[in-house]
Amino acid sequence: MVAASETVTVTLVLGEDSPLPESAADMEDLVRLLRGHVAQLGARTVPGTPALLRAQQLCSDSLPKGFMPSLVYLVRLAEATQELMAHVESGGPGSISVEGGRRWRKPTVNVLRGAVFAFALACLVFAASVPRT
């Protein structure tokens with residue numbers, strides 16, 4: 001389920017009755033929130049998904065100078081975030097399901113090597129502690 005804060009931020013930008021940002025600081029705050037939402041949603045989506053790529057491209061762009069260009073950028077970023085939210089909610093191709101709010105990461109090669117070494121060392125210690133007959 002998509003977090004309520006993501007939905008509220010997108011609605012704050014795209015809603016019909018939502019007020020325009022009053023200052024450049026308000027605009028920057030909204031952009032920062034939307035970029036954070038894209039990062040969170042991106043963790044639940046397989047890399048290379050078109051909705052994710054579009055949102056990440058917009059996130060990598062800097063905030064344009066001037067009120068109107070900044071407002072256009074903000075709306076485009078909110079639309080891309082909304083599209084990514086819909087993709088994650090629908091469980092579309094490339095979505096990663098999160099069960100219980102957690103996702104297990106695949107262990108790295110070094111972690112596996114360490115586990116094998118620890119197991120071998122434990123076997124060696126056990127074999128050395130067994131009395132000989």
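Helix α2 passes α3 in a left-handed crossing; left-handed means that the near helix is turned anticlockwise from the far one by less than a right angle, and clockwise would be right-handed. The model is predicted, so local features need pLDDT of at least 70, side-chain atom pairs count only at pLDDT 80 or more, and totals for chains, interfaces and linings use all residues. Residues are numbered from 1 along each chain as its sequence is written, and side-chain values use heavy atoms, with hydrogens and water left out.

**The α2–α3 pair**
- The axes of α2 and α3 come within 10 Å and cross at roughly 145°. Axes are lines fitted to C-alpha atoms, for helices over the stretch in contact, with angles from 0 to 180 degrees between N-to-C directions.
- Arg35, Val38 and Gly42 of α2 meet Leu52, Ala55, Gln56 and Cys59 of α3. Contact means heavy atoms within 4.5 Å.
- These contact residues divide into 4 nonpolar, 2 polar and 1 charged. Ala, Val, Leu, Ile, Met, Phe, Trp, Tyr, Cys and Pro count as nonpolar, Asp, Glu, Lys and Arg as charged, and the others, Gly among them, as polar.

**Overall fold**
- Helices (H or I, at least four residues) and strands (E, at least two) are DSSP runs, numbered from the N terminus.
- Of its 133 residues, 26% are buried. Buried means under 20% relative accessible area, exposed over 50%, partly exposed in between (1.4 Å probe, protein chains only).
- Among contacts between residues at least 6 apart in sequence, 73% join residues at least 24 apart.

**Nonpolar core**
- The largest nonpolar core holds 22 residues, and Val13, Leu34, Leu74, Leu77 and Leu84 touch the most other members. Such a core is a set of buried Ala, Val, Leu, Ile, Met, Phe, Trp, Tyr and Cys residues joined through side-chain atoms within 4.5 Å.
- Two or more residues come from each of α1 (4–14), α2 (24–42), α3 (50–60) and α4 (67–90).
- The largest share, 9 residues, comes from α4.
- Leu74 touches Val13, Pro21, Met27, Leu30, Val31 and Leu34, not counting residues up to four places away in sequence.

**Helix α4**
- α4 has 24 residues and reaches 34 Å from its first C-alpha to its last, close to the 34 Å expected. The expected span is 1.5 Å times one less than the number of residues.
- Its buried residues include Ser70, Tyr73, Leu77 and His87.
- Thr81 sits in α4. Thr81 counts as buried because its relative accessibility is 0%.
- Leaving aside neighbours within four places in sequence, Thr81 contacts Val10, Leu34, His37, Val38 and Leu41.
- Gly91 follows α4 and has a positive phi, near 65°.

**Helix α5**
- α5 (residues 109–129) has 21 residues and reaches 30 Å, close to the 30 Å expected.
- α5 is hardly covered, with 0 buried residues among its 21.
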